[in-house]
Amino acid sequence: MITVGDVAMKIAGRDAGMLCVVVDVIDGNFVMVDGETRRRKCNLKHLEFLGKSAKVKKSDGSEEVLKALKDLGLKVHEVKKGKRKERKVKPSRLRKTKAKSEAVVEKKPANKK
Amino acid sequence: MVTLRYRSKRMRKVHTKLPGGKVVPHYSLRNVGKPQCRMCGVPLQGVVRGRVSQAGKFTKSERKPERPYGGVLCTKCMRKTMIERARKLVA
């Protein structure tokens with residue numbers, strides 16, 4: 001039987017290879033999962049259970065779930081939330097524009113033979 | 001003798017008939033092969049087929065599946081590798 005707190009690795013999809021913990025059991029086929037993955041509903045066929053269990057409650061947030069995974073001694077990949085680097089403003093060349101008065105002077109009538 | 005760049009196996013030799021009736025070898029690029037799973041050889045789905053210049057026209061998510069090993073392994077082989085990885089973690 002699968003219970004809340006079971007540790008598994010996701011096998012299929014975009015989150016494949018990521019560790020997760022069962023947070024809620026929906027029915028015989030689906031569970032709610034959180035951890036390295038996003039918090040999401042997941043088919044049991046898409047999980048490979050490790051046989052470990054973490055101390056997790058149903059109401060825990062994703063940060064607490066990650067902490068519980070770390071306590072088991074598993075390597076957890078975390079996405080660092082840092083400040084965005086400010087982009088350097090590239091020096092842009094301005095288009096050379098002539099003053100109106102000059103432009104008028106430069107206009108010459110076409111050469112007539 | 002043909003020009004050097006046409007002497008490689010990269011180019012395909014095509015015999016074309018000219019209007020004068022003379023048959024002349026022309027050279028064209030070979031067709032790009034189908035993308036296959038590197039482990040089992042099954043043709044992959046959802047991968048853009050063509051040269052790099054052609055594939056560049058699509059967005060990154062359209063070029064190949066977004067899962068790990070997307071465009072390299074088929075789903076079955078990818079799942080196998082993931083299961084192995086999971087079992088190594090415990091052992």
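## Model and confidence

Helices, here runs of at least four residues, and strands, runs of at least two, are taken from DSSP and numbered from the N terminus. By that numbering, Leu74(A) sits in the loop between α1 (62–71) and α2 (100–106) of chain A.

The model is predicted. For the complex, the predictor reports an ipTM of 0.73 and a pTM of 0.72. Chain B has a mean pLDDT of 91, and 100% of its residues are at 70 or more. Within chain B, the element with the lowest mean pLDDT is helix α1 (residues 52–55), at 86, and the one with the highest is helix α3 (residues 75–90), at 94.

## Layout of chain A

Chain A contains five strands and two helices. Their order from the N terminus is β-β-β-β-β-α-α. The chain has 113 residues, of which 25% count as buried. Of the contacts in chain A between residues at least 6 apart in sequence, 43% link residues at least 24 apart.

## The sheet

The five strands of chain A form an open sheet in the order β4-β3-β2-β1-β5, with antiparallel pairing. The edge positions are held by β4 (40–43) and β5 (47–53) of chain A; each has a single partner strand, so one side of each lacks a neighbour in the sheet. From one strand to the next, the twist averages 45°.

Strand β2 (residues 19–25) of chain A is largely enclosed by the rest of the structure, because five of its seven residues are buried. On one side, β2(A) pairs with β1(A) over three antiparallel bridges, and Val7(A) has Val21(A) in β2(A) as its bridge partner. β2(A) also pairs with strand β3 (residues 30–35) of chain A, over five antiparallel bridges. Here the bridge partner of Asp24(A) is Met32(A) in β3(A).

Leaving out residues up to four places away in sequence, Leu74(A) touches Leu19(A) and Leu69(A). Leu19(A) is 55 residues from Leu74(A) along the chain, and their C-alpha atoms are separated by 8.9 Å. Leu19(A) falls within β2(A), which spans residues 19–25.

The domain assignment divides chain B into domain 1 (1–30) and domain 2 (33–91). Taken over C-alpha atoms, the centres of domain 1 and domain 2 of chain B are separated by 36 Å.

Ten residues from chain A and eleven residues from chain B make up the contact. On the side of chain B that touches chain A, seven residues are nonpolar, four are charged and none is polar.

Conventions:
Residues are numbered from 1 along each chain as its sequence is written. Chains are lettered from A and ligands numbered from 1 in the order in which they are written. This is a predicted model: local features need pLDDT of at least 70, side-chain atom pairs count only at pLDDT 80 or more; totals for chains, interfaces and linings use all residues. Two residues are in contact if their C-beta atoms, placed from the backbone, lie within 7 Å. Ala, Val, Leu, Ile, Met, Phe, Trp, Tyr, Cys and Pro count as nonpolar, Asp, Glu, Lys and Arg as charged, and the others, Gly among them, as polar. pLDDT is the predictor's confidence in each residue, from 0 to 100. Domain bounds come from an automatic or database domain assignment. Two strands pair if DSSP finds at least two bridges between them. Axes are lines fitted to C-alpha atoms, for helices over the stretch in contact, and angles run from 0 to 180 degrees between N-to-C directions. A residue is buried if 20 or more other C-beta atoms lie within 10 Å of its own, exposed if 12 or fewer, and partly exposed in between; C-beta atoms are placed from the backbone.
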